[in-house]
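Thanks for coming. I will go through one structure, contact by contact, and give the cut-offs as the terms come up.

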Amino acid sequence: ESQRSEFRRLGEALSYIWAHKRILRMVLLSMLFWAAAYVVINSTAAFTSNRWYEEGDNLIWLINLLGMCLGGGMLVGAIAMTFLGTRRQAFWFGLLALAASAVAMVLLAVCPFYWLATVLCFVIGFFGNMALVVINTLTQNLSPNYIRGRVFGLRDISDSASNVVINLIIWRMPHADGWMFPTLLATAGVLMVVALYGLWREMRTGALPTARLNVVIRIIALYVYVWHRLEVVGKSNIPATGGVLLCPNHTTGVDPFLLQP
């Protein structure tokens with residue numbers, strides 16, 4: 001009976017995620033992130049063995065060093081996100097970080113030098129974890145309290161399933177090491193397409209009547225929230241309907257931009 005209850009709760013979470021497409025997109029992005037992460041991890045092992053012709057204990061050490069660079073980049077990326085304070089523009093930052101990590105993956109795929117590979121692994125980890133922080137934050141913000149735990153639980157199950165599938169495919173590949181170069185390039189291509197499509201769609205949609213105006217206001221918002229650290233206080237006091245009177249002090253040239261977002 002207890003197991004049946006847990007399955008029912010997971011089923012409710014699945015129905016909720018399916019009915020709320022923004023959360024569904026976050027879950028799919030999380031699965032894509034972890035699938036790409038394991039492609040990168042397997043690629044570093046293959047490249048160290050085949051490209052730099054290391055073996056034995058030295059091979060293990062160099063593979064671990066690349067893994068340390070990935071982990072270090074993820075740690076610094078998480079710290080960077082806390083200082084950026086970009087919750088209002090978080091989805092933009094996540095997509096941009098995803099695109100940047102895809103570029104670094106392409107460079108890693110063609111990298112001839114081990115020392116440069118360590119730098120690229122750090123960059124992949126840095127931008128990759130920035131994207132992951134955004135995905136986790138938005139998933140939490142979009143999920144109401146009563147079902148948030150189940151949403152995260154189902155998302156974690158989905159992430160684990162993607163990890164298992166990727167590792168199983170790589171394990172069953174004939175001459176897997178030789179296939180990691182095109183696999184890494186293909187994975188980077190998928191990440192780039194997803195990131196660019198998401199940016200294109202996000203920029204064109206909004207409250208304004210035309211796509212062009214929405215693009216302009218998105219760029220202005222990114223500028224004022226990130227560069228000028230704009231904070232909105234008391235927005236809840238503005239009525240949902242009816243008129244409202246704004247009386248700003250116009251003291252600098254940037255004031256019109258600060259008001260528009």
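A charge sits over a ring if NZ of Lys or CZ of Arg is within 6 Å of the ring centre and within 35 degrees of the ring normal. By that rule, the charged end of Lys 21 sits over the ring of Trp 18, 4.2 Å from the ring centre. Arg 172 does likewise with Trp 171, its charged end being 4.9 Å from the centre of the ring.

Some ground rules. This is a predicted model, where local features need pLDDT of at least 70 and side-chain atom pairs count only at pLDDT 80 or more, while totals for chains, interfaces and linings use all residues. Residues are numbered from 1 along each chain as its sequence is written, and side-chain values use heavy atoms, with hydrogens and water left out.

On confidence: pLDDT is the predictor's confidence in each residue, from 0 to 100. The protein chain averages 85, and 95% of the residues score at least 70. Which element has the lowest mean pLDDT? That is helix α8, residues 211-227, at 76, whereas helix α5, residues 114-142, has the highest, at 92. Helices here are DSSP runs of H or I with at least four residues, strands are runs of E with at least two, and both are numbered from the N terminus.

Now salt bridges. A salt bridge is a side-chain nitrogen of Lys or Arg within 4 Å of a carboxyl oxygen of Asp or Glu. The whole structure has 3 of them. In one, the side chains of Glu 12 and Arg 150 meet at 2.5 Å, N to O. Glu 12 lies in helix α1 (residues 2-19) and Arg 150 in helix α6 (residues 145-172), so this pair ties together parts that are 138 residues apart in sequence.

Are these two residues buried or exposed? Buried means under 20% relative accessible area, exposed means over 50%, and partly exposed is in between, with a 1.4 Å probe and protein chains only. Glu 12 has 38%, so it is partly exposed; Arg 150 has 14%, so it is buried.

Arg 155 has a salt bridge with Asp 156, with the closest N and O atoms 3.0 Å apart. Arg 155 also has one with Asp 159, at 3.8 Å between the closest N and O atoms. Arg 155 and Asp 159 are both in helix α6, 4 residues apart, or about one turn of the helix. The shared partners join Arg 155, Asp 156 and Asp 159 into one network. Arg 155 is buried because its relative accessible area is 8%, while Asp 156, at 35%, is partly exposed.

Next, aromatic pairs. Rings of Phe, Tyr and Trp (its six-membered ring) pair if their centres lie within 6.5 Å; planes under 30 degrees apart are stacked, over 60 edge-to-face, and the rest tilted. The structure holds 5 such pairs. Among them, Phe 33 and Trp 34 are edge-to-face, 4.9 Å centre to centre with 90° between the planes. Phe 33 is buried at 10% relative accessibility, and Trp 34 is partly exposed at 25%. Phe 126 and Phe 127 are also edge-to-face, because their centres are 5.0 Å apart and their planes stand at 85°.

Last, the surface. Patches are made of residues with over 30% relative accessible area and no salt bridge, joining like charges within 9 Å and nonpolar side chains (Val, Leu, Ile, Met, Phe, Trp, Tyr) within 5 Å. Leu 75, Val 76, Ile 79, Phe 83 and Phe 122 form a nonpolar patch with about 470 Å² of accessible area together, computed by the Shrake-Rupley method with a 1.4 Å probe, where for residues only the protein chains shown count as cover. Helix α3 (residues 56-84) gives the most to the patch, 4 residues.
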